[in-house]
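The following note sets out several points for a colleague who is reviewing this entry. Please read the points alongside the sequence and the coordinates.

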Amino acid sequence: MADLLDETAVADALKSLPDWQRDGDSIVRTAALPSFPTAITVVDRVAAIAEERDHHPDIDIRWRTLTFRCSTHSAGGITELDVALAHAIDEQVAAAGG
């Protein structure tokens, strides 16, 4: 199981993830994409990454706006797995123009 990050480690991680915010035991990002099909493409790419890593975000789809929530449920909060996944999500959103 991944180890929980302490408050300082979470704050430090968020410095390199400017579009993410802490929300309780999760880190969260909302991204507006150029179109609904583009948003779904991002979801598909993130899904492939999540499957490969066996670490899955919660994703809310509202037309062309996506909200990603990362938390390691088995550890009860935020771990390095979430930080790494957040960086991967950022790459996919940026590549799609979001």
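Which residues touch the most other members of the largest nonpolar core? The points below begin with the reply; please note that the model is predicted.

1. The largest nonpolar core holds 24 residues. Those that touch the most other members are Trp 20, Ile 27, Leu 33, Val 42, Leu 66, Phe 68 and Ile 89. Two or more residues of this core come from each of helix 1 (7-15), strand 2 (26-32), helix 2 (36-53), strand 4 (65-70) and helix 3 (80-95). The most is given by helix 3, which contributes six residues.

2. Leaving out residues up to four places away in sequence, Trp 20 touches Leu 14, Ile 27, Val 28, Arg 29, Phe 68, Cys 70, Ala 86, Ile 89 and Asp 90. Among these partners, Ile 27, Phe 68 and Ile 89 are also listed with Trp 20 as the core residues that touch the most other members.

3. Is Asp 90 buried or exposed? This residue lies in helix 3. Asp 90 has a relative accessible area of 15%, and because the cut-off for buried is under 20%, Asp 90 counts as buried. With residues up to four places away in sequence again excluded, Asp 90 touches Leu 17, Trp 20 and Arg 29.

4. Helix 2 and helix 3 pack with their axes 10 Å apart, at an angle of about 150 degrees. Since angles over 145 degrees count as roughly antiparallel, the two helices are therefore roughly antiparallel to each other. The crossing of helix 2 and helix 3 is right-handed. On the side of helix 2, the contact is made by Val 42, Arg 45, Val 46, Ile 49 and Arg 53; helix 3 supplies Ala 84, Leu 85, Ala 88, Ile 89, Gln 92 and Val 93. By class, the residues of this contact comprise eight nonpolar, one polar and two charged. Val 42 and Ile 89 take part in this contact and are also among the core residues that touch the most other members.

5. The last point concerns Met 1, which is placed in the segment before helix 1. Its relative accessibility is 76%; the cut-off for exposed is over 50%, so Met 1 counts as exposed. Apart from neighbours within four places in sequence, Met 1 is in contact with Ser 74 and Ala 75. Between Met 1 and Val 46 the C-alpha to C-alpha distance is 22 Å, with 45 residues separating the two in sequence.

Terms used. Residues are numbered from 1 along each chain as its sequence is written. This is a predicted model: local features need pLDDT of at least 70, side-chain atom pairs count only at pLDDT 80 or more; totals for chains, interfaces and linings use all residues. Side-chain values use heavy atoms; hydrogens and water are left out. A nonpolar core is a set of buried Ala, Val, Leu, Ile, Met, Phe, Trp, Tyr and Cys residues joined through side-chain atoms within 4.5 Å. Buried means under 20% relative accessible area, exposed over 50%, partly exposed in between (1.4 Å probe, protein chains only). Helices (H or I, at least four residues) and strands (E, at least two) are DSSP runs, numbered from the N terminus. Contact means heavy atoms within 4.5 Å. Axes are lines fitted to C-alpha atoms, for helices over the stretch in contact, and angles run from 0 to 180 degrees between N-to-C directions. Angles under 35 degrees count as roughly parallel, over 145 as roughly antiparallel, 65 to 115 as roughly perpendicular and the rest as oblique. A crossing is left-handed if the near helix is turned anticlockwise from the far one by less than a right angle, and right-handed if clockwise. Ala, Val, Leu, Ile, Met, Phe, Trp, Tyr, Cys and Pro count as nonpolar, Asp, Glu, Lys and Arg as charged, and the others, Gly among them, as polar.
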